[in-house]
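The sequence and the structure are shown first, and the description follows.

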Amino acid sequence: DRFGLEAITGRKQFYYGELRRLILAENIVTAYRARKRAESWAACASNNPVMARILAEAEQNVHD
């Protein structure tokens, strides 16, 4: 139900790679929104280093 798989594909289960990519995309969106809400990105990054790394890697991939 979380990603609407059955409605989109008719399947009841994700393949492993599909699920990993969707969770990564969800984490990128979450990190972006957290950074946007934060008064200080440096403070936000120090409080959430994993999300900061995920967002930095996503931004780097966009620019490559």
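## Helix packing and ring contacts

In this predicted model, helices H2 and H4 are roughly perpendicular to each other, because their axes cross at roughly 105° and angles from 65 to 115 degrees fall in that class. The two axes come within 9 Å. On the H2 side, the contact is made by Leu24, Asn27, Ile28, Thr30, Ala31, Tyr32 and Arg35. H4 contributes Met51, Ile54, Leu55, Ala58 and Glu59.

Glu59, one of the contact residues of H4, belongs to a helix that spans residues 49-63. Glu59 counts as partly exposed because its relative accessibility is 29%, which lies between the limits of 20% for buried and 50% for exposed.

With a relative accessible area of 39%, Val29 is partly exposed. The C-alpha atoms of Val29 and Met51 are 9.9 Å apart, although 22 residues separate the two in sequence.

A further helix, H3, covers residues 41-47 and includes Ala42. Ala42 counts as exposed, since its relative accessibility is 56% and the class begins over 50%. Ala42 and Ala52 are 10 residues apart along the chain, with a C-alpha separation of 9.4 Å.

The C-alpha separations discussed in this report are collected below.

| Residue pair | Separation along the chain | C-alpha distance |
|---|---|---|
| Val29 and Met51 | 22 residues | 9.9 Å |
| Phe3 and Phe14 | 11 residues | 9.7 Å |
| Ala42 and Ala52 | 10 residues | 9.4 Å |

Aromatic rings form the next topic. The count of aromatic pairs comes to one. The rings of Phe3 and Phe14 have their centres 5.9 Å apart, and the pair is edge-to-face because the planes stand at 80°, over the limit of 60 degrees. This pair links distant parts of the chain: Phe3 lies in the segment before helix H1 (5-9), whereas Phe14 lies in the loop between H1 and helix H2 (16-37).

Both members of the pair are partly exposed: Phe3 has a relative accessible area of 22%, and Phe14 has one of 26%. When residues up to four places away in sequence are not counted, Phe3 touches Ile8, Phe14, Leu19, Leu22, Ile23 and Glu26.

Another ring takes part in an arrangement with a charge. The charged end of Arg35 sits over the ring of Trp41, at 5.4 Å from the ring centre. Arg35 is also among the H2 residues that make the contact with H4.

The confidence of the prediction remains to be stated. The protein averages a pLDDT of 88, and 98% of the residues score at least 70.

Definitions and conventions. Residues are numbered from 1 along each chain as its sequence is written. This is a predicted model: local features need pLDDT of at least 70, side-chain atom pairs count only at pLDDT 80 or more; totals for chains, interfaces and linings use all residues. Side-chain values use heavy atoms; hydrogens and water are left out. Rings of Phe, Tyr and Trp (its six-membered ring) pair if their centres lie within 6.5 Å; planes under 30 degrees apart count as stacked, over 60 as edge-to-face and the rest as tilted. Helices (H or I, at least four residues) and strands (E, at least two) are DSSP runs, numbered from the N terminus. Buried means under 20% relative accessible area, exposed over 50%, partly exposed in between (1.4 Å probe, protein chains only). A charge sits over a ring if NZ of Lys or CZ of Arg is within 6 Å of the ring centre and within 35 degrees of the ring normal. pLDDT is the predictor's confidence in each residue, from 0 to 100. Axes are lines fitted to C-alpha atoms, for helices over the stretch in contact, and angles run from 0 to 180 degrees between N-to-C directions. Angles under 35 degrees count as roughly parallel, over 145 as roughly antiparallel, 65 to 115 as roughly perpendicular and the rest as oblique. Contact means heavy atoms within 4.5 Å.
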